[in-house]
Amino acid sequence: MKTSADLVSDYLSAVEREASALPADRRGELLADLTEHIEVSCAERPDASIGEVLAELGDPRTIAATALSEAGGTGEVAAGAAGAQARGGAGAPARRGKVHPLVPLLMLTLSMPFMMVFTAAPGQLFGVLFRVIGAVLVCTSVHWTAVQKTTGVLLAAVLPSVIIATWNLSTGGPEAGSPALLANLAMLALMSGAAAWLWRVRRV
């Protein structure tokens, strides 16, 4: 009976055969991305069998065909597309893979100055929407690992929102003037730092 390592090895070998038309470096990137995807999936879902993980990735011929058809893409795009297609439909991977990592980071960071400038109700609402959408885009992006997503969203969205909400509800919090401005700037610095960290650790 084949072990999990044997099944993974056979799967990667099949992908390598089907993708033989790719340049050697691109083929190596594809296999490395698939290997990483398998390892991450197994770590995040210890109850899932290796067969289920490989089935979600898709048929090796489909993965190879996708990689070959990606004129300007990378093996990572193909691997992410194949895995997401098995999990949730053909349209989802293209949307996730095509969202530039800078988009959610800008939405998270700029939500704070937007709320500082537009203090009326509509401005505050749009600022909150920017922050929520940015957090969702980070969580559904293929550019970060699960740990990086969790850490980034906590620092750039959840923690600042909790602090600001607690402050606004507290009777002892400053209402305006320099103390409020300094507090907002501190939250902006925290969000900017988290966004900068996510940008540095992103998968290219």
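**Figure 1. The whole chain, helix by helix.** Helices here are DSSP runs (H or I) of at least four residues, and strands are runs (E) of at least two, numbered from the N terminus. Going by that, this predicted model has 10 helices and 0 strands. Walk along from the N terminus and the elements simply read α-α-α-α-α-α-α-α-α-α. The chain has 204 residues, and 35% of them count as buried.

**Figure 2. A look inside the largest nonpolar core.** In soluble globular proteins, nonpolar side chains tend to be buried together. Here the largest nonpolar core has 18 residues, and Tyr11, Val15, Leu30, Leu34, Ile38, Leu57 and Ile63 are the ones that touch the most other members. Which helices each supply at least two residues of this core? They are α1 (4-18), α2 (24-44), α3 (50-57) and α4 (60-69). Apart from this core there is another one, made of 11 residues, including Leu105, Val138, Val153 and Ala157.

**Figure 3. Zooming in on Val15.** Skip the neighbours within four places in sequence and see what else Val15 is in contact with. The list is Leu30, Leu31, Leu34, Pro60, Ile63 and Ala64. Val15 is also one of the residues that touch the most other members of the largest core, along with Leu30, Leu34 and Ile63 among others.

Figure 4. Pro60, Ile63, Ala64, Thr66 and Ala67 are the buried residues to look for in α4. Why do they sit on the same side of α4? They cover an arc of only 160 degrees around the axis, so they end up on the same side of the helix. The face turned away from that buried side carries the exposed residues Arg61 and Ser69.

**Figure 5. A pair of salt bridges.** Side chains of opposite charge can pair when their charged atoms come close. How many salt bridges does the structure hold? There are 2. In one, the side chains of Arg45 and Glu56 meet at 2.6 Å, N to O. Arg45 lies in the loop between α2 and α3 while Glu56 is in helix α3, so this pair ties together parts that are 11 residues apart in sequence. Arg45 has a relative accessible area of 32%, so it counts as partly exposed. Another salt bridge joins the side chains of Asp59 and Arg61, at 3.2 Å, N to O. Asp59 counts as partly exposed because its relative accessibility is 34%, whereas Arg61, with a relative accessible area of 54%, is exposed.

Figure 6. Take Ile133, which you'll find in helix α8 (residues 121-139). Is Ile133 buried or partly exposed? With 40% relative accessibility, Ile133 counts as partly exposed.

**Figure 7. Val158 and Val132, side by side on screen.** Val158 has its place in helix α9 (residues 146-169). Its relative accessibility is 37%, so Val158 counts as partly exposed. Val158 and Val132 are 26 residues apart in sequence, and their C-alpha atoms are 9.3 Å apart in space.

Key:
Residues numbered from 1 in each chain as written. Predicted model: local features only at pLDDT ≥ 70, side-chain atom pairs only at ≥ 80, totals over all residues. Heavy atoms only, no water. Buried < 20%, exposed > 50% of the residue type's maximum accessible area, 1.4 Å probe, protein only. Core = buried A, V, L, I, M, F, W, Y, C linked by side-chain atoms within 4.5 Å. Contact = heavy atoms within 4.5 Å. Arc of directions from axis to C-beta. Salt bridge = Lys/Arg side-chain N within 4 Å of Asp/Glu carboxyl O.
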